[in-house]
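Biologist: I want to learn to read side-chain contacts in a model. Please take me through some cases.

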Amino acid sequence: MARKSGTRTLQVSRRGYDLHAEALAPDRAGAPWIVFGNSLVTDLTVWDAQADALAGRYGILRYDQAGHGRSGLPETQVSFGDLGDDLLAVMDEAGIDSAVYVGLSMGVPTGLAAHRRAPERFTALVFSDGQAKTAPGGAAGWAERIAGAEETGMEAFAAATAGRWLTATTGNERRGKLVAMIAATSFEGFRTGATALMDYDYLDELKQIRRPTLLIAGAEDGAMPEGMASKLKPAIAGSTMQVIPQAGHVPCFEQPEAFTAVLDDFLAKSDAQGA
């Protein structure tokens with residue numbers, strides 16, 4: 001997506017690192033804002049299709065999580081408490097009091113951590129292909145992936161990861177873009193995010209959510225659709241769930257039209273509820 005006229009670049013100072021963010025105001029004063037949080041080893045461009053489709057009607061705020069994209073690398077290991085505070089700091093820097101939050105994978109616990117800290121900042125929540133707690137055996141799995149990426153390098157890791165995340169029907173051009181995005185992430189940035197994913201638990205926060213909430217999962221993202229349907233949906237009062245066909249772990253990127261249509265419909269209903 002070409003950078004739209006009027007987009008503001010923000011540099012948000014944190015503890016020993018800066019976060020890169022981009023904000024595009026809505027066409028109409030008072031229109032809602034949407035804040036997008038990326039997954040592990042992606043950057044804010046993973047949301048290009050959604051930002052392009054929704055810009056104008058909504059304010060669009062995207063940022064690179066710590067150690068990803070154009071954001072700096074923390075000097076010490078961060079927790080999801082820190083990453084949630086990062087999200088709130090980005091909103092503060094952009095001058096946004098409240099917004100709809102859309103988080104992908106690692107962006108889910110980031111959003112839950114921010115909600116725990118300041119639930120009044122969020123008018124609605126969208127969680128895609130993520131969990132509220134490290135899965136059993138997850139720490140060992142992440143340790144193995146970290147060791148593998150260190151041994152083989154991020155280019156080989158990127159090719160293998162894209163192979164897991166995308167379905168077999170994805171074309172070479174789209175696949176190549178994801179591989180390049182992952183490979184552009186430093187090993188240290190990947191390790192920082194993966195280490196945070198080893199041990200987190202926001203299950204108790206789910207029942208505290210009082211805002212409209214949409215859960216989205218790629219139909220071919222392994223056990224993720226069933227896990228979200230059985231663990232997140234029953235715990236979040238009034239939440240709804242949509243499964244995107246022919247999509248794996250990054251449906252916003254792999255099936256952008258279908259994902260955006262589901263998101264747009266939810267946003268319209270949320271606007272109506274808040275009117």
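**Reading side-chain contacts**

Modeller: The side chains of Thr 45 and Asp 43 make a polar contact of 2.4 Å. A polar contact is a pair of N or O atoms within 3.5 Å; within protein, one must be able to donate a hydrogen and the other to accept it, and residues adjacent in sequence count only if both atoms are side-chain atoms. This is a predicted model: local features need pLDDT of at least 70, side-chain atom pairs count only at pLDDT 80 or more, and totals for chains, interfaces and linings use all residues. Residues are numbered from 1 along each chain as its sequence is written, and side-chain values use heavy atoms, leaving out hydrogens and water.

Biologist: How many salt bridges does the structure hold?

Modeller: A salt bridge is a side-chain nitrogen of Lys or Arg within 4 Å of a carboxyl oxygen of Asp or Glu. The structure holds 10. One of them joins Asp 86 and Arg 14, at 2.6 Å from N to O.

Biologist: Why does that pair tie together separate parts?

Modeller: Asp 86 lies in helix 2 and Arg 14 in the loop between strand 1 and strand 2, so the pair links parts 72 residues apart in sequence. Helices (H or I, at least four residues) and strands (E, at least two) are DSSP runs, numbered from the N terminus. Asp 86 is buried, at 1%.

Methods: Buried < 20%, exposed > 50% of the residue type's maximum accessible area, 1.4 Å probe, protein only.
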